[in-house]
Amino acid sequence: MSYPGYPPSGGYPAFPGYPPTGQESVYPPAGQYSCPAVPPAGGGAYPAAPPNAGYPAPGGYPASGGYPGVSQAGGMPPYPGVPTGPGFGMPPAGPGLGGYMQPSAQNYAGAGPAQIPVGFPGGQAPSPVPGPPAAMVQCTQGTIQAAPNFNAERDAEILRKAMKGFGTDEQAIINVVANRSNDQRQKIKAAFKTMYGKDLIKDLKSELSGNIEELILALFMPSTYYDAWSLRHAMKGAGTQERVLIEILCTRTNQEIREIVNCYKSEFGRDIEQDIRADTSGHFERLLISMCQGNRDENQTVDYQKAQDDAQRLYQAGEGKLGTDESCFNMVLATRSFPQLKATVEAYSRIANRDLLSSIDREFSGNVERGLKTILQCALNRPAFFAERLYHSMKGAGTDDSTLIRIIVTRSEIDLVQVKQMFTQMYQKTLATMIASDTSGDYRRLLLAIVGQ
């Protein structure tokens, strides 16, 4: 799933129109998150992974359509975080796995109210109840934090020396970019141009090549621009990288999606909905168009009666009838909040005696199936979804480097600590171990510096 012709040779300015002239800070990265300190990348203790009972044996991975967990009706193990009920086993135990709050605008099921950053472009159900108290909510953590005592001019000078003269000091570049937040990297870029009258991105492109170039340039892109660029690249030219569209549009928050849609229009002069309609079709197209609206309910209060009603509606639209009412699935999964969807999954298991993921697997196929399941997986356990994507990017012969780079970069300041924990629990090996065995050279060193040991 690599990006063909990266960087693009036509249709974009140099890599690729980034940053727009005189607008280096139009799309600033997300704000910093008030999470506890994490072990420094490349050192310190690895965060304790939750118990790994109920997950596949080392090296094993569930069959297509299956998810790590315990057996259930229909033969498909549930996704981590699926609630207990008929046809379910116990979900993963341990803190930080069953519903923790995401930083900024993102929230996991059951978490407290979403915090939108300011200025950044079965039986009688109980009545609605709020989520757990703040003390029960666990904040997610990125592996990259803002560097203390940050000095943009000093870092710009280090990068200049690393690229000046014969040869390139890649380790010096790695030491800077892997230990600075996205916001700090934007300041380094601006300082470099002020100090030397040169564009840092162009200099880096002239000194680097291959996967290390793609990774470093991705790290220097503002986060919103990187998502918009990835979507444009997924639909540009022959063929469409549908999994990229799903990964971004089905996992981001309302605020993030709106920022991405606006950035896509301003930077590439194109309407993302028109591009989606031109490159996709049918129920998959409708799902992506729904996602582009950025109008999902983000109220963190769960209405259990609505969850029961939605579960019954979904059952009657799929398992309970001949054929499938796809629009019903689209409506519920595109509009309900993630905590609400998690409650709906639990109610559905009582009605259908199988989990909703399994029913979607039976009722749908292809990209629309993957999109609907991605939404539910994010409602149940977002880090597990990204852990699975990372695993498949490296599993088997060859490596899907663009997917590996994109997920490591986009989650590095959000929830990569939890993604690492889930990866270890699901696959009985650490993310760092698999990266080390699938990559090499400076590319491997930079990935490991971001991920941590």
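Asn149 sits in the segment before helix H1 (152–163); helices here are DSSP runs of H or I with at least four residues, numbered from the N terminus. Asn149 is exposed, at 70% relative accessibility, where exposed means over 50% relative accessible area, buried means under 20%, and partly exposed lies in between (1.4 Å probe, protein chains only). Asn149 also has a positive phi of about 55 degrees although it is not a glycine.

A word on the basis of this report: the model is predicted, so local features need pLDDT of at least 70 and side-chain atom pairs count only at pLDDT 80 or more, while totals for chains, interfaces and linings use all residues. Residues are numbered from 1 along each chain as its sequence is written, and side-chain values use heavy atoms, with hydrogens and water left out.

Another asparagine to look at is Asn353, in the loop between helix H13 (338–352) and helix H14 (356–363). Its phi is near 55 degrees, a positive value in a residue other than glycine. The table sets out accessibility for some of the residues in this report.

| Residue | Relative accessibility | Class |
|---|---|---|
| Asn149 | 70% | exposed |
| Asn353 | 43% | partly exposed |
| Asn299 | 43% | partly exposed |
| Gly441 | 32% | partly exposed |
| Ser337 | 1% | buried |

Now to a pair of loops. Asn299 belongs to the loop between helix H10 (282–292) and helix H11 (304–317), while Ser337 belongs to the loop between helix H12 (326–335) and H13. Which residues does Ser337 touch, not counting those up to four places away in sequence? They are Arg296, Asp297, Glu298 and Asn299, with contact meaning heavy atoms within 4.5 Å.

The side chain of Asn299, for its part, reaches the backbone nitrogen of Thr301 at 2.9 Å. Asn299 and Pro339 are 40 residues apart along the chain, with their C-alpha atoms separated by 8.6 Å.

H10 also packs with helix H7 (residues 242–249), at an angle of about 35 degrees and with the axes 10 Å apart; the axes are lines fitted to C-alpha atoms over the stretch in contact, and angles run from 0 to 180 degrees between N-to-C directions. From H7, Glu242, Leu245, Ile246 and Leu249 meet Phe284, Leu288, Met291 and Cys292 of H10.

Finally, the largest nonpolar core holds 106 residues, of which Ile408 and Leu446 touch the most other members. Such a core is a set of buried Ala, Val, Leu, Ile, Met, Phe, Trp, Tyr and Cys residues joined through side-chain atoms within 4.5 Å. Helix H15 (residues 366–394) gives the most to this core, with 14 residues. Leaving aside neighbours within four places in sequence, Ile408 is in contact with Leu390, Leu416, Leu431, Ile435, Leu447, Ile450 and Val451.

Definitions and conventions
Helix = DSSP H or I, 4+ residues; strand = E, 2+ residues; numbered from the N terminus. Polar contact = N/O pair within 3.5 Å; in protein donor to acceptor, adjacent residues only side chain to side chain.
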